[in-house]
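Student: Can we go through how the pieces of this one pack together? I'd like to do it by question and answer.

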Amino acid sequence: MVILHSNGELDQWLAAAPGPVHFVPTMGGLHRGHQQLIRAACGPGARVLVSVFVNPTQFAAGEDFTTYPRHADGDGQKAGAAGADAIWFPAVADIYDDAKAGHAKAGPQLKPSLIRTLCGPCRPGHFEGVLMVMERLLERVRPALVAMGEKDWQQLTVLRHCLPAFYEGRCRLLPVPVVREEDGLPHSSRNSRLSPAQRRQAALLPQALGNAEAAVQGGERRATVLEQLVRAPLESAGLPVDYVQLVNPLTLQPCPHLDGVAMLGVAAHVGPARLLDHKFLLSRKPIIAIDGPAGTGKSTVTRLLAGRLGLLHLDTGAMYRAVAWLMLERQQPIRPDGTLQQLLDAMELRLVWGDHGQQVICINGVDVSDAIRLPRITATVPRVAALPQVRQVLTRQQRAFGQQGGLVSEGRDMGTAVFPQAELKVYLTATAAERARRRAADMTQRGQAPPPLATLEAQIAERDHLDRTRTEAPLRPAEDGVVVATDDISVEQVVDKLEELFRQRVSYEGWPGGHH
Ligand code: AMP
């Protein structure tokens, strides 16, 4: 492993080989948490660079800048052991040379709402300093990927939303799960400053967070109660508490009542160290709602995403198709009338999931999973889905699934009408021309002769128009939904993007996923 000091040495190393650089910025005092970041940053064809820089601009007067642990030799050895190709120890002047020369440029803008909670009020200027140093580091290194710890969730969130390289997509921000010591305390460079007695006391942080989690399992939802459950044992042990706060993990706004997923953060002083910890609290399993018109790859994307995250794939379109199948089977007119209500009241619609997470759908005891894909059903389902009585029955059943959560649900009204409480709401789009091309390719693959593209495109536009203008829950993106255009990207890339969006809202510790 190469050891670099000046900017010149860094530039030489960067120029010495082609291929992407994956970057792990640290303040040194490396431990197993940092090593996990380095391992996560390793990838085929990429070189991994670790930086060690105790950034003066992120410490306020009176904080521990001068006493922050510095162990250059140990850092080099640990970085190398974890697989880093180089470790860079810039001097302050290497990073802030322009500031010294008196022409420091303004850094990126912080979003004030992100620093109104948690560490923001306790550490004025801190996140400005973090943002400034990260911008400078990325400018020098120009990495393709930066690995950062979920341990510092607020830092991760601030950088993701305020650093142009990340939000403009020039560089990928890879979040890495918290690495903890045996007693649950997150590894932190500052732990090395604790005496054995203080180190034992520090374990109270994860323990106290565990109390709150137990209370949630017992049905407690009030933030004030959950926060007090963490604060009380710390204060009883004489540890000064900076804050205990329940927040929305994406917006970092206070969350007065737990409904779904929230993050409970704590900062407390143990001897010379200010320590951070957090726990994701879940009142149910996560829900992802995926909406969008036909032909955007929704089903494939939803199935793959559900598999990756260990969630069930709820295909609500199949439920409408099953009702359409039943109505055709019974020669029920497709219009609202009294006999329709009877049919719906007597209908037994059952969903079960096979070994590979695939949804099997049975209506009145008949497995219709295959039959509902027939063209005559496809042609009938938009009119069936527009019937208020049908919508009412199916929406009720879908919401019942939502009480437990643990779903990626796909449909046309998931985020807007059925699961407004979903952690992640996505609206997949693609132009009608692109969807017509996909449809034609699909038909060819199934051995069917596709009609001309213009005809397909017109059919798609017509269907969109019906879905968008229907009075019952028209198709549109949820207000707080994320619109993802799928025109020029592969299905895998769409799934990666959605997984990334999910990880901005739910940490690996909160929902490990992938154990399906
Ligand atoms: P620091 O050196 O404390 O500035 O941390 C450098 C990077 O390591 C940041 O992205 C931290 O979030 C991450 N990190 C620190 N401690 C841990 C840990 N225990 N587990 C995972 N990541 C960590």
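Student: How are helix 13 and helix 15 oriented to each other?
Tutor: This is a predicted model, where local features need pLDDT of at least 70, side-chain atom pairs count only at pLDDT 80 or more, and totals for chains, interfaces and linings use all residues. Residues are numbered from 1 along each chain as its sequence is written, and side-chain values use heavy atoms, with hydrogens and water left out. The axes of helix 13 (residues 316–329) and helix 15 (residues 375–385) come within 8 Å and cross at roughly 105 degrees; axes are lines fitted to C-alpha atoms, for helices over the stretch in contact, and angles run from 0 to 180 degrees between N-to-C directions. Angles under 35 degrees count as roughly parallel, over 145 as roughly antiparallel, 65 to 115 as roughly perpendicular and the rest as oblique, so helix 13 and helix 15 are roughly perpendicular.

Student: How do the residues in the contact of helix 13 with helix 15 divide by class?
Tutor: Contact means heavy atoms within 4.5 Å, and on the helix 13 side the residues include Tyr320, Trp325 and Leu328, which meet residues of helix 15 including Ile377, Val381 and Val384. For the classes, Ala, Val, Leu, Ile, Met, Phe, Trp, Tyr, Cys and Pro count as nonpolar, Asp, Glu, Lys and Arg as charged, and the others, Gly among them, as polar. The contact of helix 13 with helix 15 comes out as ten nonpolar, two polar and two charged.

Student: In strand 15, what is the bridge partner of Ala289?
Tutor: Strand 10 (residues 287–291) and strand 15 (residues 407–410) run parallel and are joined by four bridges. In strand 15, the partner of Ala289 is Ser409.

Student: Now the sheet in the order 7-8-9: which residue of strand 8 is the bridge partner of Val244?
Tutor: Three strands form this open sheet, with antiparallel pairing. Strand 7 (241–247) and strand 9 (273–282) are at its edges, each with a single partner strand, so one side of each has no neighbour in the sheet. Strand 7 and strand 8 (residues 261–270) pair over six bridges, and in strand 8 the partner of Val244 is Val266.

Student: At about what angle does helix 11 run to strand 7?
Tutor: Helix 10 (residues 204–217) packs on that sheet too, touching strand 8 and strand 9, and its direction makes about 20 degrees with that of strand 9. Helix 11 (residues 223–236) lies across strand 7, strand 8 and strand 9, and its angle to strand 7 is about 155 degrees.

Student: How many charged residues does the contact of helix 18 with helix 19 have?
Tutor: The axes of helix 18 (residues 432–445) and helix 19 (residues 453–469) come within 8 Å and cross at roughly 120 degrees. By class the contact has seven nonpolar and no polar residues, and the charged ones number five.

Student: How far apart in sequence are the parts that Asp64 and Arg193 tie together?
Tutor: A salt bridge is a side-chain nitrogen of Lys or Arg within 4 Å of a carboxyl oxygen of Asp or Glu, and Asp64 and Arg193 meet in one at 3.9 Å, N to O. Asp64 lies in the loop between strand 3 (47–52) and helix 3 (72–82), and Arg193 in the loop between strand 6 (172–176) and helix 9 (196–202), so the parts they tie together are apart in sequence by 129 residues.

Definitions and conventions
Helices (H or I, at least four residues) and strands (E, at least two) are DSSP runs, numbered from the N terminus. Two strands pair if DSSP finds at least two bridges between them.
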